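Biologist: Could you take me through one part of this model in some detail? I would like to look at it together with you.

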Amino acid sequence: MISIKREEVAPDGKPFQVVEISNANGMKIRLSDWGATWLSCRIPVKQQLREVVLGCESVAQHIAQSAYLGASVGRFANRIANAEFILNGKRYSLDANQQGKHQLHGGSSGFAQQRWTITDQQHDSVQFSLFSADGDQGFPGNVDAKVRFGLRADNAVLVEYSALSDQDTPLNLTNHAYFNLDGESADQSILQHRLKLQADYYLPVDNAGIPNAPLKRVENSGFDFRQTKLIAQDFLQDQDQKTVAGYDHAFLLASQGIGAEAQAELISGNGDLSLKVFTDQPAIQVYSGNFLAGTPNRTCGVYANHAGIALETQALPDTPNHPEWFKYGGISKAGEPYKKTTLFLFASR
C-alpha cells in the first residue's frame, strides 16, 4: 500500500512530498522527493516495529545535515580527486565541496540537494525522476535520471537507478542509507554488528578518501570480511583504516547480480535481524559512520560516531581519473542506458 503526503516547506518554497509504502507484514518505508531520500525503514521484529535506518526528526532537518542520510547521490557518488578529470581529451572542472579541493557526491548542488519529481507510483513502489542539464556540477551531457524504490512481500527494498545521457559522462548513482539493525536509537554502535562481504580486494585511500594505491587483496588484513566477523574485531588495526578513522573504503565485489548469493550480509548485534545486500554494481563502499557525531537524530538529539553503517553499492571512487577502472563502470557512453539495481533483504532470525 502506498500513500503520499505533503510535509513542511522545502528550500524551494514548496512542500516536501513524502511517500510511505507498507506491505502485508507490517513493514513500512518512507521516502522524500527531496534528494530521492530514504527517510525511514521500520521492520516487524518480535511483534514490534524497529526503525533500522538513521534519520532526522523532520524532513526539513535532512536539508541541514551533511551526512547524506538516506539520500540518492550523484552524478558521481564518492570522491573525484581535485574536482577534475579528462574525458575524450577534454578537461572538466567540477564543483569542489570537500576540503575546497575535491568533489564528494556531486558537489554542493548534487542530486542529494535537488528536488526529484514523482513520475510513477504503484501499490508497492514509487519512481522519482530528475533532469540534470549539461554542465550540472561541472559534468558533460544532459542526463535523465530515475530511481524506483519498491517494497516487496518478503521484506526486501528494491532500489533501481536508471539514466540516459546524450554525451559520454561519469555516472555513478547510489543510495546513502545508514543502517543500525539493533534500532537506530540503540545505544549499541554498529561496531557490534557482524559483517560478511564477497570481496577479495579493497581500495586504499588517503585521509581525504582519495584512492592513493592500486586495489589491494584483503587477506592478512583487517579488511578481510570473506567470513562473517564482528566489525569491531579488526577495527582500526590497519594503517589504511587509521588514515580515515575506520572503514570508509570501496570493496571490489567478487560477483555481481541479483542471484542466490548476497554480496554482503549484516547481522544485528543481538543477532535477531539480518540484512542481505544483492547488487549488480561492481563495488560496495563500506562506511562505518566515523564522523557521524553531531548529526541530528529522530529524538531532538544527535547521533554518535558509528551509530550506523552505510553500504553504498557503486563504481570505484575517482574512476574518472583512473582509466584502468573504466571496465568496472562509472563512465556512461552517450545514448547507452545506465541501469543499476540493489536489493536490501531484511529477515528476522
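Biologist: In which sense do strand S12 and strand S13 pair, and over how many bridges?

Modeller: Happy to. Please keep in mind that this is a predicted model. Strand S12 (residues 125-132) and strand S13 (residues 143-151) run antiparallel to each other, and eight bridges join the pair. Within this pairing, Gln127 sits opposite Arg148 of S13. Both strands belong to an open sheet of nine strands, ordered S11-S12-S13-S14-S28-S24-S23-S18-S21, with antiparallel pairing. At the edges are strand S11 (117-121) and strand S21 (229-230); each has a single partner strand, so one side of each has no neighbour in the sheet.

Now to the annotated residues. An unreviewed UniProt entry lists Asn78, Arg79, His176, Ala177, Tyr178 and Asp248 under "binding site". Of these, Asn78, Arg79, His176, Tyr178 and Asp248 are included in the lining of the largest pocket.

Asp248 lies in strand S22 (residues 248-253). Asp248 counts as buried because its relative accessibility is 10%, and the cut-off is under 20%. Leaving aside neighbours within four places in sequence, Asp248 contacts Arg79, Val205, Gln285, Val286, Tyr287 and Asn290. With Arg79 there is also a polar contact between the two side chains, at 3.5 Å.

Ala177 is in the loop between strand S16 (174-175) and strand S17 (178-179). With a relative accessible area of 3%, Ala177 is buried too. Its contacts, again leaving aside neighbours within four places in sequence, are Trp38, Val53, Gly70, Ile309, Ala310 and Leu311.

Terms used: Residues numbered from 1 in each chain as written. Predicted model: local features only at pLDDT ≥ 70, side-chain atom pairs only at ≥ 80, totals over all residues. Heavy atoms only, no water. UniProt positions renumbered as here; feature names shortened; annotations may be inferred. 1 Å grid on protein atoms, 1.4 Å probe; cavity = no way out; pocket = protein on both sides within 12 Å on 5 of 7 lines; lining within 4 Å. Helix = DSSP H or I, 4+ residues; strand = E, 2+ residues; numbered from the N terminus. Buried < 20%, exposed > 50% of the residue type's maximum accessible area, 1.4 Å probe, protein only. Contact = heavy atoms within 4.5 Å. Polar contact = N/O pair within 3.5 Å; in protein donor to acceptor, adjacent residues only side chain to side chain. Pairing = 2+ DSSP bridges.
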